[in-house]
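This briefing is intended for a reader who is new to the structure shown below.

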Amino acid sequence: MAKPVQALDANILYLQQNRPEQALLSNIFNEPADSGLPGAQLAIEDNSTTGRFLQHHYKLTHNQSPTAEPLVAAAVEWVQNGEGLIVANVASDTLLQLANHPALRAKAVIINTGSGDDSLRHQQCTTGLLHTAASRAMLADALAQLLVSKRWQKWFLMRGQRPEDSLFASAMKRAAKRFGASIVEDKTWSFNTDLRRVAQQEIPTFTRARAYDVVVVADELGDVGEYVPYNTWLPRPVAGTQGLTPTAWHRVVEQWGAIQLQNRFEDLAQRAMNGTDYATWLAVRVIGEAVTRTNTTAATDIYKYILSPEFEVAAFKGRKMSFRSWNGQMRQPIALVHPRALISQSPQEGFLHPHTDLDTLGYDKPEVNCSFKTQLD
């Protein structure tokens with residue numbers, strides 16, 4: 001006799017921290033205010049398609065705030081009410097408050113979809129905290145592999161003034177050392193010039209230096225980087241946060257069935273899917289895959305399965321994806337794009353690893369110095 005199907009209610013709390021708008025020298029492109037949420041909503045639909053046959057019912061509860069306190073309070077209440085599945089698109093400091101709160105630490109599955117900070121992956125890893133958002137180190141390694149494979153090994157590193165620019169610049173310097181490139185110049189843009197008017201005068205002067213193969217830009221919010229291509233002192237390619245860009249997702253990704261995901265997202269959100277949308281879609285799909293395979297919504301069982309060798313998820317990148325057991329980071333290929341085309345995807349051919357070449361992107365096990373367990377309390 002067939003085993004009766006057990007109906008399940010899979011409830012997921014989605015936390016979104018609204019980031020304050022920042023004044024930029026260039027305001028041509030703005031991040032959508034709802035980045036992340038449509039991705040979660042689309043993944044709920046995808047989970048429900050499979051769940052309908054298994055009597056698994058998925059529901060998303062959305063809570064947003066510009067500050068950390070209401071989000072942490074919502075998460076604590078969620079867990080105290082017997083739930084344990086949380087997707088968090090929040091700032092790094094808020095994420096640490098969530099992961100280290102006594103009521104949440106090692107008691108809930110928290111999946112980070114909004115922060116790429118490397119410290120969360122190699123110094124401040126916390127049991128219960130997983131990452132579908134790619135880290136800065138993963139992005140930097142993906143770009144470095146392509147540059148080195150093309151023998152563009154001498155880099156002019158140009159960074160903005162913001163703290164996040166220094167973090168990406170540090171990731172690029174680590175990648176250069178890791179893959180055999182050299183930084184021939186490291187300069188910080190320190191001017192408030194309106195580059196819409198004087199880019200042709202200012203950028204060539206700033207990038208004047210001894211021979212380099214490529215200008216690597218670290219300007220995450222776009223203060224100056226958009227004006228660097230075609231304005232450098234030497235006629236060289238531009239890569240990094242502008243120019244040839246490493247990203248977990250982009251509208252130009254169409255292979256491996258991705259065009260279907262892109263089209264369904266655009267029908268839902270009336271805009272293109274960005275990296276935060278993708279990371280959030282992926283987090284909810286990870287939960288759906290785990291619920292399907294384990295036939296439970298218990299956080300302890302879900303977390304254990306997600307970090308087991310048996311777990312993998314297909315996510316329109318041509319590779320099965322899984323989590324690193326030493327820091328909770330999802331292994332995934334990284335696209336290298338310019339605004340209208342996919343140029344390549346890393347890891348690049350020839351960059352080897354004893355376990356999987358996906359672990360050539362980001363912090364490998366020997367580089368991680370933090371306590372991280374594969375089971376919740």
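At what angle do helix 2 and helix 3 pack, and how far apart are their axes? Helix 2 (residues 68–80) and helix 3 (residues 92–100) pack at an angle of about 30°, and their axes lie 10 Å apart. The model is predicted, so local features need pLDDT of at least 70 and side-chain atom pairs count only at pLDDT 80 or more, whereas totals for chains, interfaces and linings use all residues. Residues are numbered from 1 along each chain as its sequence is written, and side-chain values use heavy atoms, with hydrogens and water left out.

**Helix 2 and helix 3**

- Helices (H or I, at least four residues) and strands (E, at least two) are DSSP runs, numbered from the N terminus. Axes are lines fitted to C-alpha atoms, for helices over the stretch in contact, and angles run from 0 to 180 degrees between N-to-C directions.
- The angle of about 30° makes helix 2 roughly parallel to helix 3, a term for angles under 35 degrees.
- Helix 2 passes helix 3 in a right-handed crossing, meaning that the near helix is turned clockwise from the far one by less than a right angle.
- Ala68, Leu71, Val72 and Ala75 of helix 2 meet Thr94, Gln97 and Leu98 of helix 3; contact means heavy atoms within 4.5 Å.
- These contact residues divide into 5 nonpolar, 2 polar and no charged. Ala, Val, Leu, Ile, Met, Phe, Trp, Tyr, Cys and Pro count as nonpolar, Asp, Glu, Lys and Arg as charged, and the others, Gly among them, as polar.
- Helix 3 has as its buried residues Ser92, Thr94, Leu95, Leu96, Leu98 and Ala99, where buried means under 20% relative accessible area, exposed over 50% and partly exposed in between (1.4 Å probe, protein chains only).
- The partners of these buried residues include strand 1, helix 2 and strand 3.

**Helix 1 and helix 8**

- The axes of helix 1 and helix 8 come within 10 Å and cross at roughly 115°, and this crossing is right-handed.
- Among the residues making the contact are Pro38, Leu42 and Glu45 of helix 1 and Leu261, Arg264 and Phe265 of helix 8.
- By class, this contact of helix 1 with helix 8 has 6 nonpolar, 2 polar and 3 charged residues.

- Beyond residues up to four places away in sequence, Leu130 touches, among others, Val109, Ile111, Tyr303 and Phe372.

**Two individual residues**

- Ala108 is placed in the loop between helix 3 and strand 4 and is buried, with a relative accessible area of 1%.
- The C-alpha atoms of Ala108 and Trp78 are separated by 9.6 Å, the two residues being 30 residues apart along the chain.
- Gln64 is found in strand 2 (residues 56–65) and counts as partly exposed, at 44% relative accessibility.
- Leaving aside residues up to four places away in sequence, Gln64 touches Gln16, Asn18 and Leu71.

Notes:
Parallel < 35°, antiparallel > 145°, perpendicular 65-115°, else oblique.
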